[in-house]
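The following exercises are to be worked through with the model at hand. Each task is followed by a solution in steps.

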Amino acid sequence: MKTKFGCCLILGSFVPQSSGESVEMEKVEQLRDGLQLLKENGYDFAELTVQFLTQLSEEEFHEAKQVIQQTSLNIPVCNSFIPPQLKIVGPNVSITDLDDYLDLAMRRVHEIGGEQIIFGSGGARTIPDGFSQTQAYEQIKQFLCRCETYSAKYGITVAIEPLNKTESNIINTVKEAMSLAEEVNLPHIKVLADSYHMDLEKESFTILKQAIKDEWLAHVHISDRDRRFPGEINGEEAMDFSKLFRVLQEAKYKGLISAECNAASLVDVSALSLRFVKNTWSSVEGGLANVQSN
């Protein structure tokens, strides 16, 4: 099966805004332009933010769905799940507000054809100063159980994203995310790996072999250091994506791979980056084929 490469679309970062239209209508236009750009650049799919979808009125969401239906580019995955003000941990968690949001978010992701949501949401899950880490961990487990209810309803997988310690003070590695997924052991709760966070946490890519073997790894994000596009920088400053791709291929990873990079570089760099990614993936694939044939 051919590996599919997509790109995260962070709206509002690269499309000029005109002053004569509403912000929401501008977002729909940005969606149309962004999807067209990724299609022209050769990506297999796009990855939107959940917050983009949930911030639209029903009328605006209907228009956004029409835009999506008019493009051949699928949107199987969405990220930026829970807004920072909607707390998952700490003393100010509102179960009612979370339930309302989860139902809205998963319904809208489902309606655009989405199948996965990435649970990073550092602002919502970071433990407040002085709050019990043990209690916060239990709150995250409870949150994932609530996710499971709506995931089952709408057919959505939620992938836990490990975030580096500058973005969250809990669940910082793939190993920790796997442990959490194993503890809750829910059908729709899986794990994501992001090369950017793994690099900052100095976590070896080899952990992904176990994640794939145990069927926890549902999605992969790639970006170079400083959230640059793969192939945008060279030499010692650049991450070695051949190492990551070799691990994924050796473990027979069958999922999707998205570039999650600085939106400011999207227009100028994303097409070149995709060629770099595909060439690197093919080179690794060819090398493994040669080894196996020998």
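A cavity is a set of grid points where a 1.4 Å probe fits but cannot get out, and its lining residues have an atom within 4 Å of a point. The model examined here is predicted.

**Exercise 1.** Determine which residues line the largest cavity and how they divide by class.

Solution. Step 1: the structure holds two cavities of 30 Å³ or more, and the largest has a volume of about 50 Å³. Step 2: its lining consists of F5, G6, Y43, I222, P230, I257, A259, S273, L274 and V277. Step 3: these residues divide into eight nonpolar, two polar and no charged. Step 4: β1, β8 and α11 each supply at least two lining residues; the largest share, three residues, comes from α11.

**Exercise 2.** Describe the second largest cavity by volume, lining and residue class.

Solution. Step 1: the volume is about 40 Å³. Step 2: among the residues that line this cavity are C7, C8, F229 and N262. Step 3: the lining has seven nonpolar, one polar and no charged residues.

**Exercise 3.** Decide whether S195 is buried or exposed.

Solution. Step 1: S195 lies in helix α8. Step 2: its relative accessible area is 1%. Step 3: buried means under 20%, so a residue with this value is buried.

How values were computed:
Residues are numbered from 1 along each chain as its sequence is written. This is a predicted model: local features need pLDDT of at least 70, side-chain atom pairs count only at pLDDT 80 or more; totals for chains, interfaces and linings use all residues. Side-chain values use heavy atoms; hydrogens and water are left out. Helices (H or I, at least four residues) and strands (E, at least two) are DSSP runs, numbered from the N terminus. Buried means under 20% relative accessible area, exposed over 50%, partly exposed in between (1.4 Å probe, protein chains only). On a 1 Å grid over the protein atoms alone, a cavity is a set of points where a 1.4 Å probe fits but cannot get out, and a pocket is an open set with protein on both sides within 12 Å along at least five of seven lines; lining residues have an atom within 4 Å of a point. Grid points are joined across faces, edges and corners, and a volume is the space filled by probe spheres set on the points. Ala, Val, Leu, Ile, Met, Phe, Trp, Tyr, Cys and Pro count as nonpolar, Asp, Glu, Lys and Arg as charged, and the others, Gly among them, as polar.
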